[in-house]
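Subject: Handover of a structure and its findings

Dear colleague,

Please find below the structure that I am handing over to you. My findings follow directly after it.

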Amino acid sequence: MTNLVKSLELVPVKTGQYGRKYYDSKALAQVKAHYQDKSKSNANTKSTTKDEIIKQQQEHIADLQSQIQTLNEQLKVKDSQITAQTEQVKQTSILLSQAHTLTLQAQQSSDDKSVEKAPEGSQAPSEDSHGWIWRMFH
């Protein structure tokens, strides 16, 4: 009642013993009118509540279905992107292996040329070219 008195801005006619507040018949009529309006609004909502709830749930279901369709479309786009990237990775892998093979072939051919250019007699150093310390330990 205290909240109702504040919301309706009712002013007491007099204050009695122990802080009791007394209101006139005009304030009583306002309180009765408030509760009558409240009961009428509750009666209307109860009769239409089922229909409104069904309608709201159907709208919610329609929204969810549209969200599902949007998400499915986004998944299709992502799947196509993943497929394209997988193909790119395969092509890059093939190119990398070909480049590696060419690099190895180039190294082998340069090693073969360096072996052919090196003189055969200079493979072992002579004993005379070493100093006396080397000869002591060998």
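K90 forms a salt bridge with E87, and their closest N and O atoms are 3.9 Å apart. A salt bridge here is a side-chain nitrogen of Lys or Arg within 4 Å of a carboxyl oxygen of Asp or Glu. Side chains of opposite charge can pair when their charged atoms come close. Both K90 and E87 belong to helix α2, where 3 residues, about one turn of the helix, separate them. The structure holds 1 salt bridge. K90 counts as partly exposed because its relative accessible area is 48%, and E87 is partly exposed at 39%. The classes are buried (under 20% relative accessible area), exposed (over 50%) and partly exposed (in between), with a 1.4 Å probe and protein chains only.

Please note that this is a predicted model, in which local features need pLDDT of at least 70, side-chain atom pairs count only at pLDDT 80 or more, and totals for chains, interfaces and linings use all residues. Residues are numbered from 1 along each chain as its sequence is written, and side-chain values use heavy atoms, with hydrogens and water left out.

The chain contains 3 helices and 2 strands, arranged along the sequence as α-β-β-α-α. These elements are DSSP runs numbered from the N terminus: helices are H or I with at least four residues, and strands are E with at least two.

Of the 138 residues in the chain, 4% are buried. The largest nonpolar core has 5 residues, namely L4, V5, L10, A27 and V31. Helices α1 (2–8) and α2 (25–117) each supply at least two residues of this core. Such a core is a set of buried Ala, Val, Leu, Ile, Met, Phe, Trp, Tyr and Cys residues joined through side-chain atoms within 4.5 Å.

On the surface, W132, I133, M136 and F137 form a nonpolar patch with about 540 Å² of accessible area together. A patch is made of residues with over 30% relative accessible area and no salt bridge, where like charges are joined within 9 Å and nonpolar side chains (Val, Leu, Ile, Met, Phe, Trp, Tyr) within 5 Å. Accessible areas come from the Shrake-Rupley method with a 1.4 Å probe; for residues, only the protein chains shown count as cover. I133 lies in helix α3 (residues 132–137) and is partly exposed, at 48% relative accessibility.

Yours sincerely
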